[in-house]
Amino acid sequence: MSHAAAAAKYVWHEDDEPPPVSSSVVPDEDVAHVADPRPAIVRLTHAWLNERGTPELQPWPADAFDAVMDQLQHQQAILDSLMTDTSTSEEEHFRLNLVQLDADRAKWLVRSFLRARLVKLETYAPYLASQPSEQVRLSDLELGYVKRYEQLMSEHMQSAVLQYLPEPMRGMDDPPPGGASGAPGGMVTAPRLDAPVFIYCRDDGGFLTLSEDEKVALLRGSIHVVPYRAVRTLLHQGRVELL
């Protein structure tokens with residue numbers, strides 16, 4: 001096996017689409033257990049697309065992310081070793097550069113995915129810190145970051161503005177004028193779940209009711225623009241993907 005072939009064995013390619021997800025309904029509590037047989041880099045790519053296209057933070061893809069990082073580290077170690085090997089020919093160096101290009105593409109994907117999540121972590125930090133049900137979507141590092149970021153933001157707002165306001169108006173979670181008690185306040189930004197999203201149907205999903213007189217047929221391979229809230233569960237089940 002050539003040096004380039006030894007390194008290229010860790011390069012990932014988007015394999016053919018696996019068999020469609022079963023059309024049986026998956027309960028919400030079992031969504032996290034739906035298996036995805038695609039390679040880790042493919043799953044992370046779609047997690048990146050979903051993260052960029054949805055208004056709320058998506059569940060942390062621990063398995064796919066850890067697998068890609070392990071493979072990247074292993075591949076980069078092989079590349080570094082072969083690049084500095086004096087027995088590596090000029091032709092093999094050229095091939096290794098192509099393998100390095102593919103590894104750099106995967107590294108860019110990882111960075112872009114983390115940046116997309118970081119934007120949401122900082123935008124919705126007070127909301128995430130006050131909603132335990134949302135914190136299960138975060139990794140341990142993200143949860144620690146959100147809590148610290150929210151603490152710093154709260155301390156800054158208290159010292160800069162809130163301490164000068166009347167006592168009943170000093171809380172960041174105070175509801176806006178006319179708002180219901182207990183609802184996120186004007187200073188706490190929550191994701192807008194009714195935002196429109198583009199979806200691709202990986203499986204036949206029956207009819208999606210948007211209103212009393214509007215239904216959408218979710219046929220395999222079809223593309224639609226629908227409110228995110230309407231396909232939230234289908235997205236977590238892997239029946240649809242964002243474009």
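Student: Where does Gln-76 lie?
Tutor: Gln-76 lies in helix 3, which spans residues 62-83. Helices (H or I, at least four residues) and strands (E, at least two) are DSSP runs, numbered from the N terminus. The model is predicted: local features need pLDDT of at least 70, side-chain atom pairs count only at pLDDT 80 or more, and totals for chains, interfaces and linings use all residues. Residues are numbered from 1 along each chain as its sequence is written, and side-chain values use heavy atoms, with hydrogens and water left out.

Student: Why does Gln-76 count as buried?
Tutor: Buried means under 20% relative accessible area, exposed over 50%, and partly exposed in between (1.4 Å probe, protein chains only). Gln-76 has 15% relative accessibility and therefore counts as buried.

Student: Which residues does Gln-76 touch, not counting those up to four places away in sequence?
Tutor: They are Gln-100, Ala-103 and Lys-107. Contact here means heavy atoms within 4.5 Å.

Student: What makes a set of residues a nonpolar core?
Tutor: The set consists of buried Ala, Val, Leu, Ile, Met, Phe, Trp, Tyr and Cys residues joined through side-chain atoms within 4.5 Å. The largest such core has 19 residues, of which Ile-41, Leu-44, Val-68, Leu-72, Val-110 and Phe-113 touch the most other members. Helix 2 (40-53), helix 3 and helix 4 (90-123) each supply at least two residues of this core. Helix 4 gives the largest share, 7 residues.

Student: Which residues does Leu-44 touch, not counting those up to four places away in sequence?
Tutor: Leu-44 touches Pro-61, Ala-64, Phe-65, Val-68, Leu-109, Val-110 and Phe-113. A second, separate core of 14 residues includes Val-197, Ile-199, Val-226 and Val-240.

Student: What makes strand 2 and strand 3 a pair?
Tutor: Two strands pair if DSSP finds at least two bridges between them. Strand 2 (residues 206-211) and strand 3 (residues 214-218) are joined by 5 bridges and run antiparallel, so they meet that definition. The two strands form a hairpin with 2 residues between them, and Ser-211 stands opposite Glu-214 in strand 3.

Student: How many helices and strands does the protein chain contain?
Tutor: The protein chain has 8 helices and 5 strands, in the sequence order α-α-α-α-α-α-α-β-β-β-β-α-β. Of its 243 residues, 37% are buried. Among contacts with a separation of 6 or more, 66% join residues 24 or more positions apart.
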